[in-house]
Amino acid sequence: MAERKGILHSITCCVRMVIERDRKSDNMELYESEIIELKEIYTTDLKKEIVSFANTNGGTIYIGVQDNGTIVGVDHADFVIQQIANSIRDSIRPDISMFTSIELLKDENKSYIKVTVDSGTKKPYYLSDKGLKPTGVYVRSGTTSAPASEDAIRMMIKMTDGDSFETNRSLIQELTFNSLSKEMERRKLEFTGVQMKNLGILSPDGIFTNMGLLVSDQCRHSIKFAVFQGTDKLVFKDRKEFTGSLFEQLAEVYKTIDFYNGTMASFHDLLRTDERDYPEDAVREALLNAIVHRDYSFSGSTFINLYSDRLEFISLGGLVPGLSLEAAMLGASQSRNEKLANLFYRMKLIEAYGTGISKIISCYKGKSEQPVFESVEGAFQVILPNVHARNLSMEDAKYLPILQLFEYKKEITRSDVETVLGSGTTHAINIVKEMLDKSLIEKVGNGRLTRYVRK
C-alpha cells in the first residue's frame, strides 16, 4: 500500500484526482455509449479516446472492463495509472490535463481504472506526433472514436480561435522557414523564436498559426500565371504555378512577369528612351496587393493573366467588408491580414496602407489607357493596360506578340512568327499576310532569304 501511494505521489498534475472506491456502493451497470468507453486492457490507443472525448462532449473511459460490462480488473494498476498520466501529458496537445481525472476503483478484489475527460476549451485537441490533421484529431461518433475531417477541424479552430485567419492554428505544424530566414537575413532582421511570436508566426503557447503557414516553405496557397495569345483565353502560350513561401512566390512571379514585360525604344535626336509595356512600379504594387490583401481562408489560387493588351491580377476575397471601392480609390485602407501586412512593411516591401492604388494610377499619368480596378463579391481585380498596345485596334491586338519581336531583332522570319505564336506554318503564313496587307510589316528578300521588318 505504501509503495502504491509513493507511485501515485510521483504522477504529475495531469492526474487531478486519485481515489479508491468500492463499485458496490455505486450500484451501477457499465455499457458503452457515446460518453462511455470500456477497455479490457490498457493500450497506447487510449489517447485517441481521450482526444475524441475532449473534442466532443466529454466522456468516461473504464479500463479493466470488458465490452459486456464485466469487470476483469487491471494488473499493476498503479503502473497503468502512471502510463495514462504520462500519455496525457506528453502525447496530447494542447494541454488537456486540467480537463481529465484518473480514479482507481475496486470491485471486490479487482482493481480497475476510471478516466474522466471533460469537453475541452481549446479544441481541437490532437495527438502531438500526428498534428492537426485527420490522423491526429479524433471526435466521438456513437460508440467509436473517428478521425475528424479537415472541415470539422477548421470549424473547431474557428470556434476556439475566432474569425481571424492569421491567428488561427495551422492545420500543418511541420513547418520550415528557409525562404523567410534568407529574406530576414538579407535585411539584417532577427528571426528567433521570440521574433516568431512577435510576428504572429507562433501562438503564445508555441503552436504555428496560419500566419506561420503562409510564410513557411509549406504554404498551401499558390499563384497561377498564364500567358494568352491575343486578347482572349482561346489560345494558351504559357502557364506556370508558383508555390512555397509567399516571399518565394513574390520573387519568382515578379521575375516571370519581368521576362514577359516587353520594352519599346524611342529616339529623340540621338537620345534613346526605353519604356516597358507595363510600368514596373505598377506591376510591383499590383502584385504586392494581390499577395498581402487577399483572403487566405479561400483555398483557391491567385490568378495573373497576361494578354497582348493587358495584365490582370485577380485575388480572392474582394475588399474588406465595409470598405467600398470608391473609398479604396481615395486611399482608405483596412488590412485583412494585419500581421502579414506588418511583416511586409517591416521588410520594406510596402510603405504604408492605402498607397498601392494611388501609386498604380500615378504610373499611368498622361497615358491614353488607364488601369481598371474591379471589386465583386469574393474577388478583387486589377487590370494594367499595355501602354504600347494603344495604337492597335482590338482586331489588330493579336499581332502584338509579333511586333514585340522587333524590340530584339531588326528583322524576323516566318519561323520566328511560328515560335512566338506557338502555331504551325499555315497559320503563321496567314498571319504574316494579314500584317503585310495592313502595312504593319514589310517584306524584304525572296525565297529562303525572305525577312520582315516593321514599317
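Rings of Phe, Tyr and Trp (its six-membered ring) form a pair if their centres lie within 6.5 Å; planes under 30 degrees apart count as stacked, over 60 as edge-to-face and the rest as tilted. By this rule, the count in this structure is eight aromatic pairs.

Before we look at some of them, a word on the model. It is a predicted one, in which local features need pLDDT of at least 70 and side-chain atom pairs count only at pLDDT 80 or more, while totals for chains, interfaces and linings use all residues. Residues are numbered from 1 along each chain as its sequence is written, and side-chain values use heavy atoms, with hydrogens and water left out.

**Aromatic pairs**

The eight aromatic pairs include Phe177 and Phe191, whose ring centres are 6.1 Å apart and whose planes stand at 70°, so this pair is edge-to-face. Phe177 sits in the loop between helix H5 (150–161) and helix H6 (178–186), and Phe191 in the loop between H6 and helix H7 (193–198), so the pair ties together parts that are 14 residues apart in sequence. Helices (H or I, at least four residues) and strands (E, at least two) are DSSP runs, numbered from the N terminus.

Next come Phe225 and Tyr260: with ring centres 5.8 Å apart and planes at 40°, the pair is tilted. Phe225 belongs to strand E10 (residues 223–228) and Tyr260 to helix H9 (residues 246–260), so parts 35 residues apart in sequence are tied together.

| Residue | Relative accessible area | Class |
|---|---|---|
| Phe177 | 8% | buried |
| Phe191 | 22% | partly exposed |
| Phe225 | 2% | buried |
| Tyr260 | 24% | partly exposed |

Phe177 and Phe191 also form one aromatic cluster with Phe208.

**Charges over rings**

A charge sits over a ring if NZ of Lys or CZ of Arg is within 6 Å of the ring centre and within 35 degrees of the ring normal. Arg239 lies over the face of Phe236, at 3.5 Å from the ring centre, and Arg310 over the face of Tyr307, at 3.7 Å.

**Nonpolar cores**

A nonpolar core is a set of buried Ala, Val, Leu, Ile, Met, Phe, Trp, Tyr and Cys residues joined through side-chain atoms within 4.5 Å. The largest has 55 residues, and Phe313, Phe344 and Leu384 have the most contacts inside it. Helix H10 (residues 280–292) gives this core its largest share, seven residues.

Notes:
Buried means under 20% relative accessible area, exposed over 50%, partly exposed in between (1.4 Å probe, protein chains only).
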